[in-house]
Amino acid sequence: MAITLVCMGNPLLDIQVSKGEDLLAKYELKANDAILADEKHMPLYEEIITRDPVTYVAGGAAQNAARGAAYVLPAGSVAYIGAVGKDDLAESLKAANEKEGVQSAYQVFDGQKTGACAVIITGHDRSLTTTLRAAESFTPSHLATPEVKALIEEAKFFYLGGFFLTHGIESALELAKTASESGKTFAMNLSAPFIPQFFKAQVDQMLPFCDIVIGNESEAAAYAESHGLSATDPASVATAIANLPKQNASRPRLVIITQGASSTLVASSSPTDAAGNLHAGEENPKTFPVTKMADDEIVDTNGAGDAFAGGFLGAFVQGKSLTQSVEAGHALGQICVGQIGPQFKFPKVQIL
Ligand code: 26A
């Protein structure tokens, strides 16, 4: 199979614990948030590994989405780019990718450590505190290596974790511009409220090249606030982002806002999207209902948004309709919520 989707982001190992109320209080963390660690959080990485039980699981938002997309795509369709250290963590991430059908094209930094994310679960909430380590050393030169260049030429769809924008925009812009100039589809996730909030300029620079923007309700609210939008409800924000200037005018921009257990919204910059959906006269944004999971089916919500993105892309890349793609996203999100961390169910269940 040829590679059809290339994802780029920060490869991280998730170190996950539950019942972490005391850790949230001690490190002044919010129950449902994603942040970059600062000095005061560093002891958390020593402390969390002493908890019993502690689970190590492959993470990194875009890498989770890549594994999610691979779940629904034919074998050999997905590759992932990011920077790691030369260590055991990187080996275990690579093994997880391999097992789940993602080709890793890592930029490897000898002498640096692979990034990690402390995942603290309390109830259904997840608090993510990330130390990027090698992930933030990624350089645009990696995109020019023969291996990566070939993957980029082969792929028809690209997906960027908005988190990647915290350590520079050069590589992200290069990938987005290459996609846009060659008429390929470029998708970006807003990733966390702090991205549209504190990396507004970077997000704004990327958006003209984005065909698909994915986020959740809190990221939409953060976008509305940092951009001074008067209408701050998710539907209005989705419409506002959809209608921003777009470099590649040959296809409309889709903006997808998930809302946890509430319905997903999709706004399109024009009534008909690439897959021939959202016809003129249809509601825009369109609402896609979510089937609620029972409390006892929910393990944790770490990676649910990434799983949605992966499921959506996996279907969209195969030319499925917008409705089928959103439903594949919902299905994969629910599979992920039923597992510890950003994992899927093996043997695979049919979702398309
Ligand atoms: C730059 N930051 C903060 C991050 C992340 C991140 N992935 C990339 N960059 N912070 C958390 N994550 C990942 O998000 C997933 C859940 O959506 C975690 O590794 C986790 O697997």
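Me: Start with the ligand. How do the residues of the shell around it divide into nonpolar, polar and charged?

Reply: Keep in mind that this is a predicted model. The shell around the ligand has 9 nonpolar residues, 7 polar ones and 2 charged ones.

Me: And which of the residues around the ligand come nearest?

Reply: D14, G60, N64, T130 and D306 come nearest, out of 18 residues around the ligand.

Me: What polar atoms sit by the ligand's own nitrogen and oxygen atoms?

Reply: A polar side-chain atom of T130 is 2.7 Å from a nitrogen atom of the ligand. N64 has a polar side-chain atom 2.8 Å from a ligand oxygen atom. With A61 it's a polar backbone atom, 3.1 Å from a nitrogen atom of the ligand.

Me: How much of the ligand's accessible area does the protein cover?

Reply: The protein covers 97% of it, where the ligand on its own has 470 Å² of accessible area.

Me: Which elements give two or more residues to that shell?

Reply: Those are β2 (12–17), β3 (33–36), α3 (61–72) and β8 (125–131).

Me: What is T130 in contact with, leaving aside its neighbours within four places in sequence?

Reply: T130 is in contact with L12, I35, L36, A37, Y45, A116 and C117. As for A118, it is 12 residues from T130 in sequence, and their C-alpha atoms are 6.3 Å apart in space.

Me: OK, helix time. Which residues of α5 are buried?

Reply: In α5, which runs over residues 146–154, the buried ones are V148, L151 and I152. They lie on the same side of α5, because they cover an arc of only 95 degrees around the axis.

Me: And which exposed residues are on the face turned away from that buried side?

Reply: P146 and E153 are the exposed residues that this face of α5 carries.

Me: Let's pick something in β6. What about Q107, buried or exposed?

Reply: Q107, which lies in β6, counts as buried, with a relative accessibility of 11%.

Me: Which side chain does Q107 have a polar contact with?

Reply: The side chain of T139, at 2.7 Å. Not counting residues up to four places away in sequence, Q107 touches G82, A83, V84, S137, F138, T139, S141 and H142.

Me: You mentioned β9 and α6. What about T166, in the loop between them: buried or exposed?

Reply: T166 has its place in that loop between β9 and α6, and at 18% relative accessibility it counts as buried. With neighbours within four places in sequence left aside, T166 is in contact with L36, L132, F194, I195 and F199.

Me: Switching to the backbone. Where are there cis peptide bonds?

Reply: One joins N284 and P285, with omega at about 5 degrees. P285 is in the loop between β13 (262–268) and β14 (286–288). Another joins F346 and P347, where omega is about -5 degrees, and P347 is in the segment after α12 (322–337).

Me: Why point those out?

Reply: Because most peptide bonds are trans, and most residues other than glycine have a negative phi.

Me: Which residues other than glycine have a positive phi here, then?

Reply: E28 is one of them, with phi at about 55 degrees. R133 is another, and its phi is near 45 degrees.

Me: Where do those two lie, and how exposed are they?

Reply: E28 lies in the loop between α1 (21–26) and β3, and it is exposed, with a relative accessible area of 63%. R133 is in the loop between β8 and α5, and at 24% relative accessible area it is partly exposed.

Definitions and conventions:
Residues are numbered from 1 along each chain as its sequence is written. This is a predicted model: local features need pLDDT of at least 70, side-chain atom pairs count only at pLDDT 80 or more; totals for chains, interfaces and linings use all residues. Side-chain values use heavy atoms; hydrogens and water are left out. Buried means under 20% relative accessible area, exposed over 50%, partly exposed in between (1.4 Å probe, protein chains only). Helices (H or I, at least four residues) and strands (E, at least two) are DSSP runs, numbered from the N terminus. The arc is that of the directions from the helix axis to the C-beta atoms. A residue is near a molecule or strand if one of its heavy atoms lies within 4 Å of it. A polar contact is a pair of N or O atoms within 3.5 Å; within protein, one must be able to donate a hydrogen and the other to accept it, and residues adjacent in sequence count only if both atoms are side-chain atoms. Accessible areas come from the Shrake-Rupley method with a 1.4 Å probe; for residues, only the protein chains shown count as cover. Ala, Val, Leu, Ile, Met, Phe, Trp, Tyr, Cys and Pro count as nonpolar, Asp, Glu, Lys and Arg as charged, and the others, Gly among them, as polar. Contact means heavy atoms within 4.5 Å.
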